[in-house]
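Reader: I should like to learn how to read a protein model step by step. May we begin with how far it can be trusted?

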Amino acid sequence: MKQPDRITSAFTTLREQMLSLALRITGNRDDAADAVQDAFVKLWLQRERIESTSHANGAGMTTVRNASIDLARHNSRHASLPIDQAGEPPAELNDDDRELAYRQVRAIIDKELSTNQRAIIDMREMEGMEFDDIAARLGMQPAAVRVELSRARKRVREIYQKRKEC
């Protein structure tokens with residue numbers, strides 16, 4: 001079996017276990033999914049070093065654990081809101097303030113994200129498309145779509161928070 005097949009097989013076979021491990025560490029489903037995707041990317045970059053399926057499985061679980069710990073530590077130092085909360089201000093805001101916040105998030109998406117990230121956010125968040133459908137439309141792998149969505153959400157959260165603090 002080729003190295004990429006070992007990695008893909010490990011993540012496909014152990015996905016639920018990896019998500020469970022990441023969820024226990026991060027305490028958040030979205031962060032857990034992000035940690036698994038980050039681990040996949042990190043392991044993919046090291047694919048030439050993977051010698052067997054059992055090596056891929058062990059490296060996958062270890063990488064997920066480390067990515068989850070890193071994310072949990074980062075989040076404990078940098079409190080941030082999920083994109084769905086950042087896009088919808090608290091209920092005590094009037095309609096004008098809510099519309100302003102929405103326009104600010106939309107401007108971040110339009111100006112600060114790559115073309116692919118913008119398209120992925122629009123298809124996933126606005127149109128409710130599944131990852132497989134987005135991947136097919138953009139000519140990408142579903143895993144790559146998940147990674148790009150995760151990175152886009154993170155970037156929007158960070159920029160929105162920075163602008164709110166100013």
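Reader: In which helix of the protein chain is confidence lowest, and in which is it highest?

Author: Confidence is expressed as pLDDT, the predictor's own score for each residue, from 0 to 100. This is a predicted model, in which local features need pLDDT of at least 70 and side-chain atom pairs count only at pLDDT 80 or more, while totals for chains, interfaces and linings use all residues. Residues are numbered from 1 along each chain as its sequence is written, and side-chain values use heavy atoms, with hydrogens and water left out. Here confidence is lowest in helix 5 (residues 83-87), with a mean of 54, and highest in helix 8 (residues 131-138), with 92. Where pLDDT is low, the predicted coordinates should not be read in detail. The average over the protein chain is 83, and 87% of the residues score at least 70.

Reader: How many helices and strands does the protein chain have?

Author: Helices (H or I, at least four residues) and strands (E, at least two) are DSSP runs, numbered from the N terminus. The protein chain has nine helices and zero strands.

Reader: Which residues have the most contacts inside the largest nonpolar core?

Author: In soluble globular proteins, nonpolar side chains tend to be buried together. A nonpolar core is a set of buried Ala, Val, Leu, Ile, Met, Phe, Trp, Tyr and Cys residues joined through side-chain atoms within 4.5 Å; buried means under 20% relative accessible area, exposed over 50%, and partly exposed in between (1.4 Å probe, protein chains only). The largest core has 20 residues, and Phe 11, Val 36 and Val 64 have the most contacts inside it. Helix 1 (3-13), helix 2, helix 3 (29-45) and helix 4 (53-77) each supply at least two residues of this core, and its largest share, six residues, comes from helix 3. Another core, of 19 residues, lies apart from it and includes Ile 109 and Phe 131.

Reader: Why does Thr 26 count as buried?

Author: Thr 26 counts as buried because its relative accessibility is 16%. This residue is found in helix 2 (residues 15-26). Contact means heavy atoms within 4.5 Å; leaving aside neighbours within four places in sequence, Thr 26 is in contact with Asp 31, Ala 32, Ser 68, Leu 71 and Ala 72.

Reader: How many of the 166 residues of the protein chain, as a percentage, count as buried?

Author: Of the 166 residues, 36% count as buried.
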